[in-house]
Amino acid sequence: MIGTIRSFKPQVRARMLAGIERTAKAVAAMADAPAPEIHLDEGTKAVMNDAAVVGQAERVLKVAFGDKFNVSPANTTSEDYSEYVNAGVPSMFFNIGVYEPDRVAAARNGSGPPLPGNHSPQFAPVPKPTIRTGVTAMTLAVLSAFDQRARGQ
């Protein structure tokens, strides 16, 4: 069996991994089957954004994008980028919209199909506004972080 374990807290992740091992052994014992071979690879950890970096970027991005900017609730994004975060590099991982606003609205209200995510073969961002928005947002976020650091915050 192959799967991904994601959590917001390392101690919860450790308990989940231990629970998988206990469950596999218990199911085998219950069925009077041989003990299972268990190989748990921790893989990448969840990305946890730095609150100060997010706060600064949020202020700048709200001004730049107005009501087109919104903050997503925390999720357990699992990317190798988490290695930077877990090494203590203050940072944030964020997403930009890639579809036409009408298509997004239709997907949200159920009158249109769901939007394919970035790992789907149907993922097809609208190139020009997506790239322009991404470059602008990333540039503003980085410059605001530099400004914050220059002010000693």
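Guide: Nonpolar side chains are joined into a surface patch when they lie within 5 Å of one another and their residues have over 30% relative accessible area and no salt bridge. The model discussed here is a predicted one.

Visitor: Which residues make the nonpolar surface patch?

Guide: Phe-94, Ile-96 and Met-138 make the patch, with an area of about 250 Å². Met-138 is found in helix α5, residues 127-150.

Visitor: Why is Met-138 called exposed?

Guide: Exposed means over 50% relative accessible area. Met-138 has 51% relative accessibility, and therefore counts as exposed.

Visitor: How many aromatic pairs does a search of the whole structure find?

Guide: The search finds 3 aromatic pairs. In one of them, Tyr-81 and Tyr-84 have ring centres 5.8 Å apart and planes at 50 degrees.

Visitor: Why is the pair of Tyr-81 and Tyr-84 called tilted?

Guide: Planes under 30 degrees apart count as stacked and those over 60 as edge-to-face, so the rest are tilted. The planes of Tyr-81 and Tyr-84 stand at 50 degrees, so this pair is tilted.

Visitor: Are Tyr-81 and Tyr-84 buried, partly exposed or exposed?

Guide: Tyr-81 has 23% relative accessibility and so counts as partly exposed, whereas Tyr-84, with a relative accessible area of 52%, is exposed. The cut-offs behind these terms are under 20% for buried and over 50% for exposed, with partly exposed in between.

Visitor: What makes the pair of Tyr-99 and Phe-123 edge-to-face?

Guide: The angle between planes must be over 60 degrees. For Tyr-99 and Phe-123 the angle is 80 degrees, with 6.2 Å centre to centre, and the pair is edge-to-face. The pair links distant parts of the chain, 24 residues apart: Tyr-99 is in the loop between α3 (82-86) and α4 (101-109), and Phe-123 is in the loop between α4 and α5.

Visitor: Is Tyr-99 buried or exposed?

Guide: Tyr-99 counts as buried because its relative accessibility is 12%, while Phe-123, at 29%, counts as partly exposed. The charged end of Arg-103 sits over the ring of Tyr-99, 4.4 Å from its centre.

Visitor: Which residues do ring pairs link into a cluster?

Guide: Ring pairs link Tyr-81, Tyr-84 and Phe-93 into a cluster.

Visitor: Why is Arg-13 called buried?

Guide: Buried means under 20% relative accessible area; Arg-13 has 6%, and is therefore buried. Arg-13 lies in helix α1, residues 10-30. Leaving aside neighbours within four places in sequence, Arg-13 is in contact with Ile-5, Arg-6, Ser-7, Glu-42, Gly-43, Thr-44 and Lys-45.

Key
Residues are numbered from 1 along each chain as its sequence is written. This is a predicted model: local features need pLDDT of at least 70, side-chain atom pairs count only at pLDDT 80 or more; totals for chains, interfaces and linings use all residues. Side-chain values use heavy atoms; hydrogens and water are left out. Patches are made of residues with over 30% relative accessible area and no salt bridge: like charges are joined within 9 Å, nonpolar side chains (Val, Leu, Ile, Met, Phe, Trp, Tyr) within 5 Å. Accessible areas come from the Shrake-Rupley method with a 1.4 Å probe; for residues, only the protein chains shown count as cover. A salt bridge is a side-chain nitrogen of Lys or Arg within 4 Å of a carboxyl oxygen of Asp or Glu. Helices (H or I, at least four residues) and strands (E, at least two) are DSSP runs, numbered from the N terminus. Buried means under 20% relative accessible area, exposed over 50%, partly exposed in between (1.4 Å probe, protein chains only). Rings of Phe, Tyr and Trp (its six-membered ring) pair if their centres lie within 6.5 Å; planes under 30 degrees apart count as stacked, over 60 as edge-to-face and the rest as tilted. A charge sits over a ring if NZ of Lys or CZ of Arg is within 6 Å of the ring centre and within 35 degrees of the ring normal. Contact means heavy atoms within 4.5 Å.
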